[in-house]
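Open the model in your viewer and keep the selection tool at hand. The stops below say what to select and what is found there.

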Amino acid sequence: MTIEDRTRGVDALAELFAAGPVAVLTGAGISTDSGIPDYRGAGTPPRTPMSISQFSEDPAYRQRFWAGARIGAIRTAGIEPNAGHRALARLEAAGAIDGVITQNVDGLHARAGSRTVVPLHGDGGVIRCTACASRFSRGEVLGWFDLGNPGFAETHRDAEIAPDGDAVVRDVTGVRVPQCPVCGGVLRPDVVYFGETVPPEVFARAAALVSAASAVLLAGTSLAVNTGLRLVHRAERRGLPLGVVNRGPTAVDGRPAVRVRIEGGTSETLTALAERLR
């Protein structure tokens, strides 16, 4: 995309804000510039995410998850919000958007300064017990992992990082899985796994942002997950225009509601948009 094309695209995006605040839905593509790989971006190899049935029913999968989470925490320790996250925080502070709906679980929007964040798929930084519902921070639980698996983190620290920020650890033989210190129950991240549904109260918060908006901006998402499409369908029923910024195709490309389609990264586009609307 040339500078002239980007300028025209940003000008067209800015027109979506003329009638009032815009609802924003983000996906993995907004976090790639922070160093977190994308599941479905161009050149991304096929991946099979862990399902809730695998995590719940197979102890080996839980070993794989906690091993990957521990190594991932080492490799992603320096990851910070990028210019796209910060641009959305500025747009919210200026009243151009009422908040951010995100399909990501990385917490980067809140760290960038966004005040209203609706995490459709949960918060990867929170761990909860499936038996007693006690909650702990991910860092706290990973500390328990180290106590039960001395030396493991250092031995496997070079493992490949997956799109969810965890690592792909091949050998998990003998890994001791941390348990809830309150009741001994199974611990899991407070996220929506494949095979689960978004909690109704969370979807309602996202739908409320769409209902109050004059347009919807889709940033860094291919809309391959049904929950995001449900929000788009709500917007279309209300006759709201859509703006799309993404590297690669999306599920809404070519729809009549799409008034602006920018093929490109979110960091540079959202930064330019925030400057344009300043």
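Select Asp-11 and Arg-276, which form a salt bridge in this predicted model. The closest N and O atoms of Asp-11 and Arg-276 are 2.9 Å apart. Now colour the helices. Asp-11 belongs to helix α1 (residues 3–15) and Arg-276 to helix α10 (residues 266–276), so this pair, 265 residues apart, links distant parts of the chain. Asp-11 is partly exposed, because its relative accessibility of 29% lies between the limits of 20% and 50%. Arg-276 is also partly exposed, at 44% relative accessibility.

How many salt bridges are there in the whole structure? A search finds twelve. The next stops show some of them.

Select Arg-261 together with Asp-253 and Glu-263. The side chain of Arg-261 meets that of Asp-253 in a salt bridge, at 2.8 Å from N to O. Arg-261 also forms a salt bridge with Glu-263, where the N to O distance is 3.4 Å. Asp-253 is partly exposed, with a relative accessible area of 34%. Arg-261 is partly exposed at 29%, and Glu-263 is partly exposed at 43%.

Then select Arg-128, Arg-135 and Asp-190. A network of salt bridges links these three residues.

A pair of rings is described by two values, the distance of the centres and the angle of the planes. The structure holds five aromatic pairs. Select Phe-65 and Trp-66 for one of them. Their ring centres are 4.8 Å apart and their planes stand at 80°. Why is this pair edge-to-face? The angle of 80° is over 60 degrees, so the pair counts as edge-to-face. Phe-65 and Trp-66 are both buried.

For another pair, select Phe-136 and Trp-144. The ring centres lie 5.2 Å apart, and with the planes at 75° the pair is edge-to-face. Is Phe-136 buried or exposed? Phe-136 has 12% relative accessibility, so it counts as buried. Trp-144 is partly exposed, with a relative accessible area of 25%.

Phe-55, Phe-65, Trp-66 and Tyr-193 form one aromatic cluster.

Select Phe-203 and Arg-230. Arg-230 lies over the face of Phe-203, at 3.8 Å from the ring centre.

For the last stop, select Gln-63. Where is Gln-63 placed? Gln-63 is in helix α3 (residues 59–75). With a relative accessible area of 18%, Gln-63 is buried, because this value is under 20%. The side chain of Gln-63 reaches the backbone oxygen of Val-175 at 2.9 Å. Leaving out residues up to four places away in sequence, Gln-63 touches Val-172, Gly-174, Val-175 and Val-177. Select these residues with Gln-63 to see the contacts together.

Notes. Residues numbered from 1 in each chain as written. Predicted model: local features only at pLDDT ≥ 70, side-chain atom pairs only at ≥ 80, totals over all residues. Heavy atoms only, no water. Phe/Tyr/Trp six-rings, centres within 6.5 Å; stacked < 30°, edge-to-face > 60°. Buried < 20%, exposed > 50% of the residue type's maximum accessible area, 1.4 Å probe, protein only. Lys NZ or Arg CZ within 6 Å of the ring centre and 35° of its normal. Helix = DSSP H or I, 4+ residues; strand = E, 2+ residues; numbered from the N terminus. Polar contact = N/O pair within 3.5 Å; in protein donor to acceptor, adjacent residues only side chain to side chain. Contact = heavy atoms within 4.5 Å. Salt bridge = Lys/Arg side-chain N within 4 Å of Asp/Glu carboxyl O.
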